[in-house]
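Please look at the contacts between the chains first, then at selected features within them. The report below follows that order.

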Protein chains: 2
Amino acid sequence: MTIPKQTNRRKELVTIAAGLFKQESFDRTTVRMLATATGIKSGSLFHHFKDKEEILVAVIEGGLETSIEVINKQTKNIKLADQRLFAAIYGHLMTLHGENKDAHIVSIIEWKSLSTLSKSHLIQLRDEYEGIWQGIIEQALDAKLLEGEAHLLRLFVLGSLNWTIQWFKPEQGLDTEQLAHNFYHSLTHQFITK
Amino acid sequence: MTIPKQTNRRKELVTIAAGLFKQESFDRTTVRMLATATGIKSGSLFHHFKDKEEILVAVIEGGLETSIEVINKQTKNIKLADQRLFAAIYGHLMTLHGENKDAHIVSIIEWKSLSTLSKSHLIQLRDEYEGIWQGIIEQALDAKLLEGEAHLLRLFVLGSLNWTIQWFKPEQGLDTEQLAHNFYHSLTHQFITK
DNA sequence: TTACAAACCAAGCAAGCGCTAGGTAATAAA
DNA sequence: TTTATTACCTAGCGCTTGCTTGGTTTGTAA
């Protein structure tokens with residue numbers, strides 16, 4: 001029988017799965033690889049999850065929830081439009097390149113691997129995250145930091161940031177905060193005032 | 001035996017494969033699906049390609065070559081920095097959302113599915129394409145259209161544009177040219193002068 | 001010490017995968 | 001009309017995949 005949810009063991013498995021899904025992709029990660037990495041036999045995985053997809057759902061769910069927490073925390077006590085925008089950019093990049101990045105990355109690149117049913121459930125979390133961004137962008141538009149249409153801008157901005165998964169390695173010279181500053185500058189044509 | 005290259009039949013197969021790879025992803029496209037879609041039996045595929053990966057390589061190679069052709073053609077007789085930048089943006093979006101888009105899309109999202117060997121060959125084409133973009137961005141920086149560092153800007157811009165694969169559908173109100181204009185505006189904070 | 005659920009193992013099944021071998025049909029040049 | 005080449009089919013092999021079943025160990029609380 002599948003366990004309700006959220007046991008400690010289950011969380012451990014999800015964390016390890018996130019790492020493998022990110023490294024190898026969901027399709028190329030076999031249940032045997034997951035089992036070896038977690039130190040159990042492949043059949044025992046199905047005591048915790050009813051099937052392989054449920055593992056992916058758990059990973060993505062965790063990734064999205066963390067992202068929402070981070071952006072809320074980052075922008076919570078900030079009022080000024082420019083600082084809010086920068087905080088959101090930096091927060092987003094942190095969830096992609098800081099610690100525990102795997103789950104958020106997987107939630108972005110493996111979205112297509114989800115079944116229609118799982119998507120319809122997780123889409124709420126994604127909408128919530130995008131809604132927060134939408135507000136920040138609109139505020140930045142009002143403050144004349146940005147130009148264009150809010151909805152498209154959000155897609156352009158998040159696209160750019162998400163794409164950093166493909167090329168950015170924090171070890172190589174530039175760190176995540178510097179990257180955030182560079183992006184903010186190229187986006188707004190201004191420097192952030194501290 | 002595998003045929004040297006570039007027979008007509010092979011081209012047909014590559015085009016059909018591009019469509020499936022885009023729709024289903026490389027991993028989830030089986031040789032049997034490819035065979036059915038092309039109207040032959042699965043074994044016959046290996047008369048044209050030595051293995052499944054060679055099909056992917058052919059698709060990506062074609063996609064990259066077309067992209068290079070398009071951007072060269074688009075920016076060929078244009079001198080002004082703003083118009084060159086817009087032409088590159090529009091050209092890139094055309095290869096992603098216009099006709100024969102599949103191959104270019106696959107070349108972007110299935111890069112990770114390539115073997116190290118195949119990558120080392122195709123990387124030349126990718127470098128060539130990115131080099132062209134680099135020049136256009138530098139020229140735009142000189143003309144004060146953009147702000148920031150050229151290398152990072154190229155990654156930000158192409159990231160945004162590539163990300164449109166995930167959400168842009170030309171049928172839904174906005175067409176590709178309008179999208180290009182919107183992006184140009186949000187990026188440069190200016191409108192293009194015709 | 002018993003009781004019971006949670007966590008795991010051993011063994012393997014059915015299905016699907018990429019790919020091969022050996023033969024046949026179509027096309028066209030000699 | 002022969003010969004060669006290209007294109008395809010038939011049949012299936014060997015392997016890996018996700019997942020199941022039935023039994024065993026471990027932890028915990030009464």
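This is a predicted model: local features need pLDDT of at least 70, side-chain atom pairs count only at pLDDT 80 or more; totals for chains, interfaces and linings use all residues.

Arg28(B) is partly exposed, at 30% relative accessible area. Asp27(A) is partly exposed too, at 29%. The rule finds 2 salt bridges across the interface of chain B and chain A. Over all chains, the structure holds 12.

## The interface as a whole

The contact involves 32 residues of chain B and 32 residues of chain A. Together the two chains bury about 2,800 Å², with 61% of that on carbon and sulfur atoms. Phe156(B), Trp163(B) and His189(B) supply 25% of the area that chain B buries against chain A, more than any other three residues.

Polar contacts link 12 residue pairs across the interface, both residues at pLDDT 80 or more. On chain B, helix 6 (101-109), helix 8 (150-163) and helix 9 (176-188) each supply at least two residues of the side that touches chain A. Helix 8 of chain B gives the largest share, 9 residues. By class, this side of chain B has 15 nonpolar, 11 polar and 6 charged residues.

## Salt bridges within chains

Glu130(B) forms a salt bridge with Arg126(B), the closest N and O atoms being 3.8 Å apart. The two residues are 4 residues apart in helix 7 (residues 116-142) of chain B, so about one helical turn separates them. Glu130(B) is buried, at 19% relative accessible area. Arg126(B) is partly exposed, at 27%. In chain A, salt bridges with shared partners join Arg126(A), Glu130(A) and Arg154(A) into one network.

Lys50(B) and Asp51(B) meet in a salt bridge at 3.4 Å, N to O. Lys50(B) is exposed, at 56% relative accessibility. Asp51(B) is partly exposed, at 26%.

Helix 5 (residues 81-97) of chain B has 17 residues, so at 1.5 Å a residue it should span 24 Å; its end C-alpha atoms are 24 Å apart, which agrees. This helix is mostly covered, with 14 of its 17 residues buried.

Thr38(A) belongs to helix 2 (residues 31-38) of chain A. Its relative accessibility is 12%, so Thr38(A) counts as buried. The side chain of Thr38(A) reaches the backbone oxygen of Ala35(A) at 3.0 Å. Beyond neighbours within four places in sequence, Thr38(A) is in contact with Arg9(A), Leu13(A) and Ile16(A).

Notes: Residues are numbered from 1 along each chain as its sequence is written. Chains are lettered from A and ligands numbered from 1 in the order in which they are written. Side-chain values use heavy atoms; hydrogens and water are left out. Contact means heavy atoms within 4.5 Å. Buried area is the accessible area (1.4 Å probe) that two parts lose on being put together, summed over both. A salt bridge is a side-chain nitrogen of Lys or Arg within 4 Å of a carboxyl oxygen of Asp or Glu. A polar contact is a pair of N or O atoms within 3.5 Å; within protein, one must be able to donate a hydrogen and the other to accept it, and residues adjacent in sequence count only if both atoms are side-chain atoms. Ala, Val, Leu, Ile, Met, Phe, Trp, Tyr, Cys and Pro count as nonpolar, Asp, Glu, Lys and Arg as charged, and the others, Gly among them, as polar. The expected span of a helix is 1.5 Å times one less than its number of residues. Buried means under 20% relative accessible area, exposed over 50%, partly exposed in between (1.4 Å probe, protein chains only).
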